Each structure stands twice: as structure tokens, then as C-alpha cells.
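Here is a short briefing for a reader who is new to this structure.

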Amino acid sequence: MEQGRENIKFEDALKRLEEIADYMESDNLSLEESLKMFEEGMRLADFCNKKLDSAQKKISIILKDKDSNIVEEDFTLEEE
Amino acid sequence: MSKQPFTVSTLTTYIKDIIESDVELCNVTVTGEISNFKYHSSGHMYFTLKDEDAKIKCVMFKGYNLFLKFLPEDGMKVIISGYISVYERDGQYQLYCCSMQKDGLGSLYEAFEKLKQKLEKEGLFDEERKRQLPLLPEKIGVITSPTGAVIRDIINVSSRRYSNVKILLYPAKVQGEGAKESIVAGLEYFNSRDDIDVIIVARGGGSIEELWAFNEEEVARAIYKSNIPVISAVGHETDFTISDFVSDIRASTPSHAAEIAVPSYNDIKYKIKNIENRLISNIEDNITRKRYIINDFMRIINSKSPANIIVQNQQYIDSIQYKLINCVNNKIIFNKNRIEIAVNKIDALNPAKILLRGYGYVENKGEIIKSVKQLSIDDKINLHLSDGNVKCRVEDILEDKNGTR
């Protein structure tokens with residue numbers, strides 16, 4: 001979890017975040033544990049928010065060029 | 001030599017007359033499969049009857065179809081009785097249906113059922129093997145026609161839910177010759193990449209023939225083989241294809257597919273915010289709980305601490321000291337009183353004081369004279385008064401006969 005944070009999937013991060021929230025709700029948690037969980041949770045929440053907001057919208061289409069190579073091009077809807 | 005040319009109308013009428021006068025064609029029974037069935041709001045039914053090699057346009061007017069005990073549908077194999085005539089405006093000959101009966105299941109429908117059963121038996125539709133869709137796909141691969149409402153709906157709905165969505169369109173043939181190969185190629189292409197999180201295979205509504213590519217075994221197997229979850233959105237809500245069964249999720253429409261694939265930005269934001277709040281209130285609760293525990297212990301520790309014991313002892317000592325001081329003070333006051341009383345008494349008995357009141361005493365050679373018997377005539381005596389002595393000589397002694405007064 002600690003290393004390669006950049007590579008974790010949004011989904012795994014969110015799932016871990018939910019786990020942490022559930023875990024923290026159990027009473028018999030030491031303060032150290034609780035603080036550690038809290039810190040990790042807030043980092044994950046930050047990661048999720050960033051991931052959600054930093055993506056760039058992109059709609060593209062797969063085409064073949066004249067040499068039959070596959071290329072990706074921006075796709076725009078035809079006006080009706 | 002030159003014949004008078006027909007007008008289109010007269011030619012059509014001529015053809016119509018010939019067809020209508022044919023004994024065979026004016027009362028004919030035909031078997032075939034229904035396709036392109038349209039139940040017009042006027043109440044008339046329009047469709048095509050076909051077999052492998054040919055088609056014929058059919059119409060069944062309201063007056064006849066009222067008596068049908070079933071609703072014809074695409075793929076249905078039927079036996080129709082009626083007559084052939086020409087619809088002059090379109091120059092189209094057609095079968096005017098007077099009655100219709102079901103003739104077993106249509107061959108396409110039969111093929112569909114057969115394949116469905118086969119793949120079901122093989123476990124291609126098993127719920128356990130359905131892949132979970134990612135919550136927030138990085139990139140969505142869409143296999144459909146690059147033109148028309150389907151891709152537009154998918155892009156519009158996706159963008160509305162999550163404005164940062166990434167979509168990669170694989171333009172595919174979705175009906176007719178080469179359609180199944182095109183769809184399979186799309187699935188394989190997306191699986192060859194490593195950035196596609198979910199695939200949508202979509203097509204708009206159409207007849208069973210138009211949707212047929214999605215009932216092909218090759219397409220079903222390609223969906224099954226895909227390592228990426230597949231959402232199938234083929235035809236209208238009422239249309240079911242083999243692709244729908246084998247895919248991980250069946251969407252009723254392309255828009256619905258986009259809704260399934262793309263999370264609502266607001267929903268996820270809310271969810272994260274919610275968890276954040278939970279984390280914060282949890283840590284605060286925990287700290288408060290721990291603080292209570294600490295306070296409890298502090299109270300216990302304080303009550304048993306040496307400092308507290310010293311303070312308590314100090315207090316005890318102080319109280320004893322106070323008592324002692326009190327005691328001593330009382331004694332002093334008490335004795336002072338006694339002394340005062342005694343001094344007063346002594347004072348009252350002072351002989352000098354008595355002398356002041358007019359008494360005197362007699363002394364002879366240092367002896368206090370209390371009786372006349374102690375004296376003789378001519379004794380020189382001292383009479384002590386308050387303010388001095390008188391030297392006297394006894395001239396006579398007169399003793400009281402009845403003793404002391």
C-alpha cells in the first residue's frame with residue numbers, strides 16, 4: 001500500500017478508504033492505530049479526489065491509416 | 001410500327017390486372033418467416049415474409065388482423081393465406097393477408113434458442129464468472145457504429161455523469177456482412193491494449209436480422225474470452241441477444257450502458273466526502289474517548305499520589321496543631337483568671353487596707369498582741385495605724401469578765 005501509491009487504482013483506493021472508515025468505527029482501536037488509519041485514510045481520500053478531478057476528457061476513434069496502421073484520432077459527433 | 005407508349009399508371013394498372021386475374025394468385029397460401037414487422041398506429045400490419053432466398057412484402061389490414069390470436073413478431077414462421085396484388089403508388093406487388101397461422105418457430109429464432117442452450121450448458125452465461133465493473137474506468141472502449149444515435153447517446157450520457165471521461169471508439173459494422181467479424185475484431189483489439197477498463201458493445205434497435213450479429217457464436221465467444229468486462233447494449237429494452245446473456249452486464253439501451261459504465265461524478269465526490277467526514281469524526285471520537293480514560297486515571301492516580309498524601313497529612317497536622325494551640329491558650333486564660341481572683345482575694349486581705357478603714361494593731365517587742373493577758377502595766381507597746389506608729393505605755397488592764405468579745 002505504501003509503495004507505488006501512484007499506481008493504485010482509484011477503485012482499490014476507494015475500497016481501502018471504506019475499509020479504513022469501517023475499521024476505525026470499531027471501538028477497541030489504539031490511538032496510535034487510529035491515528036495511523038486516519039492519516040492513511042485522508043491520504044487516500046486526497047488521492048481519490050485528485051484522480052477524479054485530474055483526468056482529461058478525451059473521446060477518440062480507432063482508425064486505419066493508408067498503410068493499414070492503427071491510429072487513434074479525436075472523435076467528434078456529427079451534427080444532426 | 002411505333003406503338004403508343006404506356007404511362008407509368010396505365011402500365012402499372014395493366015400489370016395489376018394480370019396479377020389479379022391469375023387464378024393461382026387470387027387465392028394463395030404461403031409459408032415463410034416474418035421480418036421487419038411493423039404494427040402501424042392505423043391498426044394495419046406491415047411486414048416482410050421471407051425464406052433463405054427471397055422476400056415478399058406483406059400487408060394485413062386491420063379488418064383481418066383483428067381476428068389473430070397472437071401478435072406476429074420478427075423471426076416467427078407463419079402460414080399465410082391471401083392474394084397477391086399491386087400497390088400502385090410504389091409499383092410494389094405484395095401479399096394481402098387474410099389469415100395467418102404460426103408454423104413452428106422461425107429458423108432464426110430456432111438457431112438463437114439452440115445456440116443459447118448450447119452456450120448456457122457450456123457455462124458461458126454463469127453468474128459466477130461475470131466480471132465486476134470498475135467503479136471509475138480510466139478509459140471506456142466502445143464498439144459500435146461511428147454514426148447515429150448510439151455513439152451519440154453513449155458520449156452524451158457519459159460526459160454528463162463524469163465530464164473527465166475517456167472514451168475510445170472502435171468503429172464496427174453492426175449489421176449485415178462482416179458485422180460479426182468486425183465486432184470480434186473490436187473486442188480483440190481492446191483486449192490487446194492495457195488501458196481499457198470496460199467495453200461497451202452497442203447497437204440501436206432493429207429487426208431480428210439486423211441484430212443478428214449479436215446472436216453469433218463467434219461474438220459470444222469473443223465476449224466470453226475478453227479479459228475486460230463487457231457491457232452489452234443491443235436493440236431495445238425488449239430485445240434479448242446472445243451477447244446480452246454472455247456479457248457481464250446487459251444494458252437495456254446504449255444510454256443505460258453509459259450510465260452503468262460511468263459513475264456519476266457527484267455521487268463519487270459525495271461518497272468520498274462522506275468517508276472523510278466519517279474518518280474525522282472517528283478520530284475525534286477516539287481521542288475524546290482516550291481523553292476520558294486518561295482523565296479517569298488521572299483522578300485515581302492523583303488520589304493515591306504521595307503529594308496528595310502529604311497534603312492530607314499536612315492538613316491533619318495542621319488541625320492537631322490548631323487543637324494544641326487552642327488547648328494551651330485556654331489553659332493560660334483559665335490560670336490568668338485564677339491568678340486574678342487570687343490577687344483580688346489577697347488584696348482584700350491586705351492588713352494595710354484594713355488599717356485604712358480605722359483598725360490598728362498592737363505589737364510588743366515584735367509580738368502581735370491578741371489578748372490583754374499578754375500585757376503588763378507599764379509595758380511599752382507599739383500601736384500601729386495606717387499612716388504610722390504610736391509608742392504607748394500600758395497604764396491599766398481591764399479584762400472583760402466574759403472573755404473575748
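Is A:Thr76 buried or exposed? The model is a predicted one, and in it A:Thr76 is exposed, with a relative accessible area of 63%. A:Thr76 sits in the segment that follows strand E2 (70–74) of chain A.

**Chain A**

- Chain A contains 2 helices and 2 strands, and their pattern along the sequence is α-α-β-β.
- Chain A has 80 residues, of which 32% count as buried.
- A:Thr76 and A:Ser60 are separated by 16 residues in sequence, and their C-alpha atoms lie 7.9 Å apart in space.

**Strand pairing around E7 of chain B**

- Strand E7 (residues 166–171) of chain B pairs with strand E1 (residues 58–64) of chain A in the parallel sense, over 4 bridges.
- In this pairing, A:Lys58 stands opposite B:Lys166 in E7(B).
- E7(B) also pairs with E6(B), in the parallel sense and over 5 bridges.
- Here B:Ile143 stands opposite B:Tyr170 in E7(B).

**An open sheet in chain B**

- Chain B has an open sheet of 4 strands in the order E12-E11-E13-E14, with antiparallel pairing.
- Its edge strands are strand E12 (367–368) and strand E14 (388–393) of chain B, and each of them pairs on one side only.
- Strand E11 (residues 361–364) and strand E13 (residues 380–385) of chain B run antiparallel and are joined by 3 bridges.
- B:Tyr361 stands opposite B:His384 in E13(B).
- E13(B) and E14(B) run antiparallel as well, with 6 bridges joining them.
- A hairpin through 2 residues joins E13(B) to E14(B).
- The bridge partner of B:Lys380 in E14(B) is B:Arg393.

**Salt bridges**

- The count of salt bridges over all chains is 25.
- One of them is between A:Glu40 and A:Arg16, whose closest N and O atoms are 2.9 Å apart.
- This pair links distant parts of the chain, with A:Glu40 in helix H2 (residues 31–54) of chain A and A:Arg16 in helix H1 (residues 10–24) of chain A, 24 residues apart.
- A:Glu40 counts as buried because its relative accessibility is 9%, under the cut-off of 20%.
- A:Arg16 counts as partly exposed, at 23% relative accessibility.
- B:Arg193 and A:Glu72 meet through their side chains in a salt bridge (2.6 Å, N to O).
- This pair joins two chains, because B:Arg193 lies in the loop between helix H5 (179–192) and strand E8 (198–203) of chain B, and A:Glu72 lies in strand E2 of chain A.
- B:Arg193 is buried, with a relative accessible area of 18%, whereas A:Glu72 counts as partly exposed at 35% relative accessibility.
- The side chains of B:Glu216 and B:Lys180 also meet in a salt bridge (4.0 Å, N to O).
- That pair links distant parts of the chain, 36 residues apart: B:Glu216 is in the loop between E8 and helix H6 (217–225) of chain B, and B:Lys180 is in helix H5 of chain B.
- B:Lys180 counts as partly exposed, at 23% relative accessibility.
- A:Glu72, B:Lys139, B:Arg193 and B:Asp195 are joined into one network by salt bridges that share partners.

**Surface patches**

- A patch of negative charge on the surface gathers B:Glu120, B:Asp126, B:Glu127 and B:Glu128.
- Among them, B:Asp126 is in the loop between helix H3 (107–122) and strand E6 (140–144) of chain B and counts as partly exposed at 32% relative accessibility.
- A nonpolar patch on the surface is formed by B:Phe6, B:Leu11, B:Tyr14, B:Ile15 and B:Ile18, which together have about 490 Å² of accessible area.
- B:Phe6 is in the segment before helix H1 (8–21) of chain B, and B:Phe6 is exposed, with a relative accessible area of 53%.

**Backbone angles**

- Most residues other than glycine have a negative phi.
- B:Asn36 is not a glycine, yet has a positive phi of about 50°.
- B:Asn36 lies in strand E1 (residues 28–39) of chain B and is partly exposed, with a relative accessible area of 32%.
- B:Lys365, which is not a glycine, has a positive phi of about 50°.
- B:Lys365 is found in the loop between E11 and E12 of chain B and is exposed, with a relative accessible area of 76%.

How values were computed
Residues numbered from 1 in each chain as written. Chains lettered and ligands numbered in written order. Predicted model: local features only at pLDDT ≥ 70, side-chain atom pairs only at ≥ 80, totals over all residues. Heavy atoms only, no water. Patch = residues over 30% accessible without salt bridge, like charges linked within 9 Å, V, L, I, M, F, W, Y side chains within 5 Å. Areas by Shrake-Rupley, 256 points an atom, 1.4 Å probe, with all protein chains shown as cover. Lys, Arg positive; Asp, Glu negative; His and termini not counted. Charge placed at Lys NZ, Arg CZ, Asp CG, Glu CD. Buried < 20%, exposed > 50% of the residue type's maximum accessible area, 1.4 Å probe, protein only. Pairing = 2+ DSSP bridges.
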